[in-house]
Amino acid sequence: MSPFRAATLPKRMARASRTLVVTGAAFMAAGLVMPGGTTAPARLISAAGEASPLADRLAATGILLLLAGPAVGLIIAGGEFFRRGDRRMALLVFCELLLLALGAALGSR
Amino acid sequence: MPHPSALGPLLLPLLIGAAGGFIGSLIGLGGGILIVPLLTLSAGLPLRTSVAISLIGVVATSMAGSSRYLRRGLVDVRLALTLESVSIAGAIAGSLVIPFVPVHALALLFAAVVAISALHLLLPPRADVVSAEDTLPPKIDGSPAYTAKSIPFGLTVSAGAGILSGLLGIGGGIVKIPAMILRMGVPTRVALATSNYMIGLTAGASALVFAVRGEIPLRPAAGVALGVLAGATLGARTSRHITAALLRRIVALVLLWAAYQLVVKAGKPA
């Protein structure tokens, strides 16, 4: 593994984080300034759907983009470890992604 | 109990998030330890709702800060992902059991964690921690200029931090940072940056459970997240002009006040 390739992993993760934060913040700001939103707790996926007011959909999309950040970072890191041949770390990251999916599945029950 | 809509659905969460993000970025934490009591005590939100909202704020703090730290090569990604394997599991467990934890017990647990954090901030920094400031960050090729020790200890602490995250809406940095610096031999700057990256994963795992359960109020959460992003940016820019010791004392006093208020609240019938 060349030093250059190893150093690109944090940079790619940083780029993904920044993109998701900026896009998520734009959606959340739009949802906040738009009238007609609710302040009651809601399921994020349902709220981002078509049945909700536009303000709620925008805010929910922004929050979802923000929450996607850590998972996207994991996917990038896992892929990079796999490419480098570091199977142990790649497997660990894969298990962490599985754990996140399991948490979501258990939470929705 | 007033509904958040009666308290300015935009302004109050924004201000609370900004305070959490500003102070969190100055003292190297996610800000959840401040956001939860402020939402509960000043916005009048139920503790569990405050926990859910705070987790979104912690993810925002982490995402904003870690992109900067990752670019500078200060995050030990390998160590972070190793410790997060148990932290994520703990966070999911904590957020799954929170509906079964009585609110007064949750308030007392939070008050205890807040009080310990406040006392930790009031104590003078240890000499070995101060000297660790000068230790080099990882080399540019990604290989660390140090070797992390006591990994089993780190895994145990991370699991506990994960459970606390799910229960209390914090990232767990208050536990992870001292463990990495004092026991695992991680340089202070690297520990702060690595913890900042880790809290996003931990809080994200907890927040995901709250999100699919439909327990996150969208607009207050979006307000807190935006406030955190603004506050953290401002904090990073003004950190050179504020004395860290003075700030630590002010935050410690605010936290002690919050701990007292939470104990009083826990003692009152719901």
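1. Let's start in the middle. The largest nonpolar core holds 121 residues, and the ones touching the most other members are Ile63(A), Leu66(A), Ile56(B), Val59(B) and Ala225(B). Helix α9(B) gives the largest share of this core, 16 residues. Bear in mind that this is a predicted model.

2. Setting aside neighbours within four places in sequence, Leu66(A) is in contact with Leu20(A), Val21(A) and Gly24(A) from chain A. Across in chain B, Leu66(A) is in contact with Ile56(B), Val59(B), Ala60(B), Met63(B) and Ala225(B).

3. Now the interface as a whole. On the chain B side, 52 residues are in contact with 47 residues of chain A. The elements of chain B that each supply at least two residues to that side are α3 (47-72), α4 (77-97), α9 (188-213), β1 (216-217) and α10 (218-238). By type, the side of chain B that touches chain A has 33 nonpolar, twelve polar and seven charged residues.

4. Next, have a look at α4(A), residues 87-107.

5. Which residues of α4(A) are buried? They are Val93(A), Glu96(A), Leu100(A) and Gly103(A). These cover an arc of only 70 degrees around the axis, so they sit on the same side of α4(A). Their packing partners are α3 (54-84) of chain A, plus α4 and α9 of chain B.

Key:
Residues numbered from 1 in each chain as written. Chains lettered and ligands numbered in written order. Predicted model: local features only at pLDDT ≥ 70, side-chain atom pairs only at ≥ 80, totals over all residues. Contact = placed C-beta atoms within 7 Å. Helix = DSSP H or I, 4+ residues; strand = E, 2+ residues; numbered from the N terminus. Nonpolar A, V, L, I, M, F, W, Y, C, P; charged D, E, K, R; others polar. Buried ≥ 20, exposed ≤ 12 C-beta atoms within 10 Å, placed from the backbone. Arc of directions from axis to C-beta. Core = buried A, V, L, I, M, F, W, Y, C linked by C-beta atoms within 7 Å.
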